[in-house]
Every structure is written in structure tokens, then in C-alpha cells.
Amino acid sequence: MTAPKLALTEGDLSTTAADAVVVGTLQGADGLELAPGAEAVAAAFDGALLDVLGTLRASGKADELVKVPTFGKIAAPLVLAVGLGKTAGEEQVRRASGVAARALGGKKRAINTLAALHVGAAAEGTLLGAYSFTEYKSDKGEGPVAKVDLHAAGSKENKAALKAAVAIAESVAIARDFINTPPNDLYPASFAARAEKLATAAGLDVEVLDEKALKKQGFGGILGVGVGSTRQPRLVRISYKGTKAVKKVALVGKGITFDTGGISIKPAAGMDEMTSDMSGAAAIVATMVLAAKLKYPLEIIATIPMAENMPSGDAYRPGDVLTMYGGKTVEVLNTDAEGRLILSDAIVRACEDGPDYLIETATLTGAQVVALGKRTSGVMGSDEFRDRVAAIGTAVGESAWPMPLPEELRADLDSRLADLANVTGHRWGGMLAAGLFLREFVAEGVQWAHIDIAGPAFHTGGPYGYTSKGGTGVPVRTIAAVLADIAANG
């Protein structure tokens with residue numbers, strides 16, 4: 001993806017050459033208001049900009065976009081007034097900047113005054129809003145705006161915020177690119193190769209286990225799920241160690257490159273969306289690249305299982321018993337509950353490294369979407385760490401909600417043949433039961449959080465804010481913020 005170039009600027013808005021100037025609008029108590037940063041533009045209009053916007057029926061509501069020609073009052077021929085809603089917080093700035101970035105497609109240069117409110121949010125929103133995936137299109141379109149000047153002071157703090165925001169947005173784009181790549185090109189071996197190339201280029205240590213190594217080491221869950229496909233599974237391990245590392249963090253992400261449901265096959269309608277079933281793995285690979293860029297004072301080790309869940313004469317069956325990595329046995333009652341099987345192997349392996357914290361993310365259950373909708377992730381795990389991750393995720397604009405792990409549901413995972421079954425015998429609390437299943441494989445003493453992103457990982461509707469159709473990159477920004485918080489606070 002070609003991304004806009006960003007720079008801080010304090011130039012005179014009335015005389016700076018640009019194709020457009022972006023200003024923010026608010027739903028004030030007494031009606032439409034201009035957000036801070038727009039003062040110079042308003043002055044150039046002799047105080048009439050609000051009246052013009054009112055005539056054009058601008059309200060200031062979130063994601064609203066109103067275009068105003070300047071008629072030579074400033075050097076730029078166009079003002080883009082973008083609604084922030086009732087407040088001008090970081091997420092509102094991020095979303096408004098994303099709306100503006102989409103509207104600026106094909107332009108050479110724009111100035112974003114929303115940076116006066118928050119440089120990092122304006123930068124992230126601009127880059128994420130400008131994202132598009134056109135690799136498979138003959139007509140690539142006009143492309144994103146080439147350059148965006150963020151109208152804010154060039155202070156040390158703002159420069160640092162811009163650098164971090166660019167790194168974070170680039171990593172979200174990496175995850176989105178993975179998710180948007182079709183499954184005929186992104187399968188376990190190719191996914192592992194691309195992850196290895198990215199990680200190696202970032203200076204990280206990488207280990208890739210193929211099907212022979214997985215069998216030798218006893219990764220029964222990954223092998224069980226992946227055996228039905230001619231494209232065999234992989235396990236990728238990526239390691240980073242910052243200077244003066246204060247804590248060790250394990251990251252795990254589900255990498256089902258396509259999920260048919262296996263023998264328990266899914267309905268045909270909507271199955272194409274299962275190209276996104278590796279969104280958790282994509283987020284973890286992208287986060288590891290980000291860790292190398294931002295140089296967290298942490299030791300971080302990612303364990304990423306990759307498989308394709310296909311029905312065939314070799315596929316695992318309902319009724320099979322798998323011996324997982326570490327020795328526990330699982331009776332398979334539904335082959336469409338495959339994510340927890342590959343994740344369990346990865347979690348046990350990750351815990352062998354002795355982490356202080358474990359963060360795992362997956363497009364795990366349809367029950368997550370039923371419970372929380374398409375935009376809010378469910379977070380389960382150790383109570384304190386679960387709440388911490390959910391709060392941080394929501395703070396950075398990736399809505400998350402802490403969910404319980406009710407003990408009364410655990411007995412429903414008991415198996416007549418094995419240590420446990422991969423699903424309960426009923427549909428109640430499916431997201432929570434999946435969390436309880438994963439908990440069985442987390443080592444004692446490890447603070448852990450499981451982030452179910454079944455809904456938020458893939459957007460099927462029209463674009464909004466800085467979110468385009470397709471892969472979203474959730475929860476890269478959440479995990480990045482959690483890592484920063486661990487680095488700062490332990």
C-alpha cells in the first residue's frame with residue numbers, strides 16, 4: 001500500500017499552498033462550533049465560515065464531511081469540515097482524520113488542523129483512513145493523498161508522537177494486508193514465509209516448524225486441524241528482546257488461513273469471510289514488527305499456529321481424540337471449533353518460556369458477535385489483567401469489554417473419553433466456554449488475556465471513520481498499548 005507522507009508544520013494556513021485544508025466541527029451546546037486549530041481558516045473567512053457551514057446543513061456529528069470552496073480566501077481551494085461529534089477526544093480526532101483522508105484520495109497535498117488537538121491521533125487516523133488494498137485490481141484507482149501536513153508545533157513531544165503513530169499505523173496496515181490477501185495465496189506455508197521475511201527484516205529471531213517438526217514435537221492440536229488440507233500447517237516463533245527488559249510477554253494469535261468448518265462444514269453463505277480467520281495471527285506478526293520499531297524494554301516471544309481447516313478423506317472427525325502439545329487429550333465434538341485446538345498447543349508452548357503475561361487473540365467464536373456485536377471485542381482471562389487489557393483497548397479506539405469465565409460452564413466441557421471436549425453440548429455462553437477451554441492450557445501463575453475478535457477483525461459494510469471494508473487490523477493498537485503500559489508500569 002502507498003501511504004501518505006506526514007510532516008509537522010506551523011506555516012500560515014492562509015498562504016500555504018495545498019489542495020485542501022481539513023478543519024474539525026463540533027456539536028456544541030449552542031449549535032455548530034469549529035474545533036480548535038481552525039482559527040486561522042475562520043479568520044480568513046472573516047468569521048463567516050460557520051454561517052457557510054450552517055447553510056450547507058453541517059451539524060458537527062461524528063463522521064460528517066462538508067466541502068466548502070474557499071474562493072481564494074486562503075491558498076488552498078477547498079476546506080473539508082469533518083465532524084467530531086460532541087467531544088474532541090483522541091478517538092474522535094482519529095476518526096475524523098480518517099474520514100478526511102478518504103475524501104482526499106488523489107490529491108497531492110493537504111493540511112490537517114486536527115493535529116492541534118492530538119498529533120498522534122490525527123496521524124494514525126490519516127494513515128489508516130487512506131489505506132486501501134488494490135493488489136488484485138487491474139485499475140488501482142487514484143491512490144491516497146500524497147502528503148499531509150499536520151498543523152501543530154514541531155516540539156519534541158509532537159515529533160515523538162508522530163513517529164510512534166506512523167509505526168503503529170504501518171503495523172496495522174501489515175495486518176490488514178495479510179487479512180485481505182485471498183486464501184489461495186495466503187496459506188500456512190506462504191503465511192509463515194511472509195511472516196519470517198518481515199520479522200527477519202525487522203531484526204527479529206524467527207523459527208518455523210513444518211509438519212514434520214510439529215509431529216516430532218507432539219503438536220497434536222495443530223496437526224489435527226491441519227491434516228485435512230494438502231497445504232500443511234506451520235508454527236512460527238518470533239522473538240524480540242529489548243534492552244533492560246523489565247518483563248517477559250508471550251503473544252499468541254490464531255492463524256487459520258481458511259476455515260470451512262472441516263467435516264462440521266459451515267453454510268455456504270458468508271463462508272468467503274473465513275479468509276479472515278487468521279486475523280489474530282496477522283495482528284501478532286504485525287505487533288512483533290512494531291515492537292522492534294518502538295524498542296519496548298520488554299522480552300516478547302510470539303507463538304503463532306497456522307493451519308487450513310478443510311474437509312477431506314484425511315480430515316479429523318467429530319469423535320476423534322487428539323493429544324495436545326503437553327499431553328492433555330481433547331475429544332473433538334465439532335471440527336468447526338478448531339481455533340481453540342491450535343491455540344491450545346501454542347499457549348502451552350508459549351508458557352514454557354516462563355512469561356509474566358500472555359496475550360492471545362483470535363477470531364474464535366460466533367458467540368462473540370452475538371453477545372457484543374461487530375465492533376466490540378470480548379476479553380477473558382485473569383481478572384485484573386483482563387480488565388486492564390479491555391480498558392486500554394477501549395482507550396485507543398478498539399472497543400473491548402471484559403467477560404467472565406463462569407465456573408458452572410466448565411463441567412460442560414467434560415468428556416467421556418478424554419481430559420476435556422472442545423465444545424459444550426449446548427449453545428449457551430459459547431464465547432465464555434471457549435475461554436474456559438483455553439484456560440485449561442495456561443500455566444499457573446501467568447497473567448493472561450484472551451481477546452475474541454470474531455466481529456471486529458473484519459468489516460463487511462461501508463467504510464467509516466478510519467476503518468475500510470475488509471481486514472481492520474484489530475487488535476494491533478490494543479496490544480501495542482498494553483505492551484507500552486507493561487513497559488511503563490510492570
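**Salt bridges and cores in a predicted model**

**Salt bridges and nonpolar cores**

Arginine 386 has a relative accessible area of 13% and is buried (buried means under 20% relative accessible area, exposed over 50%, partly exposed in between, using a 1.4 Å probe and protein chains only). This is a predicted model, where local features need pLDDT of at least 70, side-chain atom pairs count only at pLDDT 80 or more, and totals for chains, interfaces and linings use all residues. Residues are numbered from 1 along each chain as its sequence is written, and side-chain values use heavy atoms, leaving out hydrogens and water.

**Salt bridges**

- The count comes to 26 salt bridges, each being a side-chain nitrogen of Lys or Arg within 4 Å of a carboxyl oxygen of Asp or Glu.
- Arginine 386 pairs up with aspartate 383 in a salt bridge (3.4 Å, N to O), and aspartate 383 is exposed at 53% relative accessibility.
- Both sit in helix α12 (residues 383-395), three residues apart, which is about one turn of the helix; helices here are DSSP runs (H or I, at least four residues), as are strands (E, at least two), numbered from the N terminus.
- Another salt bridge links lysine 254 to glutamate 338, with the closest N and O atoms 3.3 Å apart.
- Lysine 254 is in the loop between β10 (248-253) and β11 (255-259), while glutamate 338 is in the loop between β14 (329-331) and α10 (339-351), so this pair ties together parts that are 84 residues apart in sequence.
- Lysine 254 is buried, at 2% relative accessibility, and glutamate 338 is buried too, at 1%.
- Aspartate 320 and arginine 317 also form a salt bridge (3.2 Å, N to O); aspartate 320 is buried at 17%, whereas arginine 317 is partly exposed at 44%.

**Nonpolar cores**

- In soluble globular proteins, nonpolar side chains tend to be buried together.
- The largest nonpolar core here has 89 residues, and Leu150, Leu251, Tyr296, Ile300 and Ile304 have the most contacts inside it. A nonpolar core is a set of buried Ala, Val, Leu, Ile, Met, Phe, Trp, Tyr and Cys residues joined through side-chain atoms within 4.5 Å.
- Helix α9 (residues 279-294) gives this core its largest share, eleven residues.
- Apart from this core lies another one of 44 residues, including Ile347 and Phe437.
- Leucine 251 touches, among others, Ile284, Met288 and Ile359, not counting residues up to four places away in sequence; contact means heavy atoms within 4.5 Å.
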